[in-house]
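Reader: Please take me through this model one feature at a time. Give me the general idea of each, then the case at hand.

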Amino acid sequence: MAAEGRLQRELTWGDCDPAGIIYYPTYYRWMDAATWALVASAGYTAARMRAEQCTMPLVNAACDFLSSATFGDPCEVRSHVSRWGRSSFTVTHEILMVAEARVLARGVESRVWCRYEHGPGSPLRSEPIPQEIRAALGAPSV
């Protein structure tokens, strides 16, 4: 069973457009933060990834905007890995307004597990996703 991450957010003024409703890039920022939090929950914090010269570049993202939140609304991003490849994975996100259980958006991100050849700024090489992450996030056994 896939592990689900939950990331709490409150819609702040900087997350809104001039009309006071959620500005669409906010969903993408929240999905990015939710993916990093999900991977951190599997033992790969940003500090560990820097130390091991790993990263997970985004190669595709999409989001369907279903409803809007306004300034001050508490929201939650629910995320899980919906597809596993050898070195790539897809994270599916559902963003809700918690108080009303209303879905605001649904999105996906595709990422590739990589390591820097000689540290940040040098070329990246894809490599198999660590078994530790797969196990912690509920990947099927191979």
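Reader: Let's start with tyrosine 24. What is its relative accessible area?

Author: You read it against cut-offs: under 20% is buried, over 50% is exposed and anything in between is partly exposed (1.4 Å probe, protein chains only). Tyrosine 24 comes out at 48%, so it is partly exposed. Bear in mind that this is a predicted model, where local features need pLDDT of at least 70 and side-chain atom pairs count only at pLDDT 80 or more, while totals for chains, interfaces and linings use all residues. Residues are numbered from 1 along each chain as its sequence is written, and side-chain values use heavy atoms, with hydrogens and water left out.

Reader: How many aromatic pairs does the structure hold?

Author: Rings of Phe, Tyr and Trp (its six-membered ring) pair if their centres lie within 6.5 Å; planes under 30 degrees apart are stacked, over 60 edge-to-face, the rest tilted. The structure has seven such pairs. One of them joins tyrosine 24 to phenylalanine 65, edge-to-face, with 6.3 Å between centres and 70 degrees between planes. Tyrosine 24 is in helix H1 (residues 24-41) and phenylalanine 65 in strand S3 (residues 58-65), so this pair ties together parts 41 residues apart in sequence. Helices (H or I, at least four residues) and strands (E, at least two) are DSSP runs numbered from the N terminus. Phenylalanine 65 is partly exposed too, at 42% relative accessibility. And both rings belong to one aromatic cluster, made of Tyr23, Tyr24, Tyr27, Tyr28 and Phe65.

Reader: Which ring has the charged end of arginine 48 over it?

Author: The rule asks for NZ of Lys or CZ of Arg within 6 Å of the ring centre and within 35 degrees of the ring normal. Arginine 48 sits over the ring of tyrosine 44, with its charged end 3.8 Å from the centre.

Reader: On to salt bridges. How many are there?

Author: Side chains of opposite charge can pair when their charged atoms come close. Here a side-chain nitrogen of Lys or Arg has to be within 4 Å of a carboxyl oxygen of Asp or Glu. That gives twelve salt bridges. Take aspartate 15 and arginine 29, whose closest N and O atoms are 2.5 Å apart. Aspartate 15 is in the loop between strand S1 (5-10) and H1, and arginine 29 is in helix H1, so the pair ties together parts 14 residues apart in sequence. The aspartate is buried at 7% relative accessibility, and arginine 29 is partly exposed at 43%.

Reader: Where are glutamate 94 and arginine 106, which also pair up?

Author: Their salt bridge spans 3.0 Å, N to O. It links distant parts of the chain, since glutamate 94 belongs to strand S5 and arginine 106 to strand S6, twelve residues apart. Both are partly exposed: glutamate 94 at 24% and arginine 106 at 42%.

Reader: Which residues are linked in a network of salt bridges?

Author: Glu4, Arg6, Glu76 and Arg78. Within it, arginine 78 and glutamate 76 meet at 2.5 Å, N to O. Glutamate 76 is buried at 5%, whereas arginine 78 is partly exposed at 25%.

Reader: Now the backbone. What is phi at alanine 101?

Author: Most residues other than glycine have a negative phi. Alanine 101 has a positive one, near 50 degrees. You'll find it in the loop between strand S5 (88-97) and strand S6 (102-112), and it is exposed at 59%. Glutamine 53 also has a positive phi, about 55 degrees. This residue is in the loop between helix H2 (46-51) and S2, partly exposed at 30%.

Reader: Last one: is isoleucine 133 buried or exposed?

Author: Buried, at 2% relative accessibility. Isoleucine 133 is in helix H3 (residues 131-136) and touches Val39, Ala42, Tyr44, Trp84 and Trp113, leaving aside residues up to four places away in sequence; contact means heavy atoms within 4.5 Å.
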